[in-house]
Amino acid sequence: MSVFHGWECLSMSVYTKVAPEQLVEFLAKYSVGKLVSYQGISAGIENTNYFVDTDQSRFVLTIFEHHQADELSYFLNIMAFMAEQGIPTAHPQADLAGNYLNHLCGKPAALVERLPGNTLTQPNLKQCQVMASTLARFHQEGMTFPFYRANDRSLDWAQQTFELIKTAITEQQLALINDEIAFQQQIDWTPMPQSVIHADLFTDNAMFDGEKLTGIIDLYYACQGACLYDLAVMVNDWCRNSQHDLEPTKVEAVLTAYDKVRPLTDQEQACWPAALRLAALRFYLSRLKDAIMPREGEITMIKDPKVFETLLIAHRKKAKRLPLNGDLKPCH
């Protein structure tokens, strides 16, 4: 069927509509063949994404709604770098002038290869293990990546976001967030192993064909940061059950698979509970902000902040360290 009206699908986040003639003009900058069809992608809430099929190949078009050109070059270079190191990542398509980044509808845009496979909603144990070991390799390779970008979802961002929304949340939410930020301000992450981190590695940002990982996608939060925090972001989504708590068997499998590739330091193991809490806080705040202050768009998708509120509360009730070594001093 024709998919030139893909924005009619109500599950999508499409902020920028693209007319067929605009896309044809955009594709003329590349050696990718003629446009056959395109369709909005029903995932992601930050950027506008389309599947694009030409008579030569299949691609994903991303129109960036918030990022500037300099940081976009960083993201696209990471994608190319990781793909060239054997980490399954979508390689960006260079245009006829050798550029990864262009403009469409007055906004920065990029065309990347479309990977085979599908994203997951409920990963099995083996898929979790495969993702964990690949994330460890991603961190190892990322330590040699020559460019730097600070984390724009840091604790400073958390405090600023809290200030923006604090008058629109309940007293219980106010107390929870205020106390968690105070706790996290005691943690020093700088001595822990740092690398390029994905920072948003949810199940919908990885493609699988059965139990084979075909690609890590959507690296548009990538930055320099603590590897342990990145692992916690992954665990909080991949190992979460329907009650919004973590499944112990999956957590242990992920940690063991990761540790076999990049052994975790004693300090990282001690800081594991704090990492889980920080990762939950980050997504709790971003979802609260989106719900309270929704962005304008053709069709937008707002994810439920209650998921990470429940998870954060669960993490705060537990005092277990990472179950790999013996007793360790608490992380401060």
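Is Lys306 buried, exposed or partly exposed? Select Lys306 and take a look: at 46% relative accessibility, Lys306 counts as partly exposed (buried means under 20% relative accessible area, exposed over 50%, and partly exposed in between, with a 1.4 Å probe and protein chains only).

Before moving on, note that this is a predicted model, where local features need pLDDT of at least 70, side-chain atom pairs count only at pLDDT 80 or more, and totals for chains, interfaces and linings use all residues. Residues are numbered from 1 along each chain as its sequence is written, and side-chain values use heavy atoms, leaving out hydrogens and water.

**Stop 1: along helix α10**

Lys306 and Glu309 are 3 residues apart in helix α10, so about one helical turn separates them (helices are DSSP runs of H or I with at least four residues, strands are runs of E with at least two, and both are numbered from the N terminus). Glu309, at 9% relative accessibility, counts as buried.

**Stop 2**

Now select Lys318 and Asp245. Here the closest N and O atoms of the salt bridge are 2.8 Å apart. Lys318 lies in the segment after α10 (306–317) and Asp245 in the loop between α6 (227–238) and α7 (248–261), so the pair ties together parts that are 73 residues apart in sequence. Lys318 is partly exposed at 38%, and Asp245 is partly exposed at 22%.

Next, pick Arg262 and Glu268. Their side chains meet in a salt bridge of 2.7 Å, N to O, and both residues are buried.

Then select Glu71, Arg149, Asp152 and Arg153 together to see a network of salt bridges. The whole structure has 15 salt bridges.

**Stop 3**

Finally, colour α4, which gives the largest share of the lining, 4 residues.

Definitions and conventions. A salt bridge is a side-chain nitrogen of Lys or Arg within 4 Å of a carboxyl oxygen of Asp or Glu.
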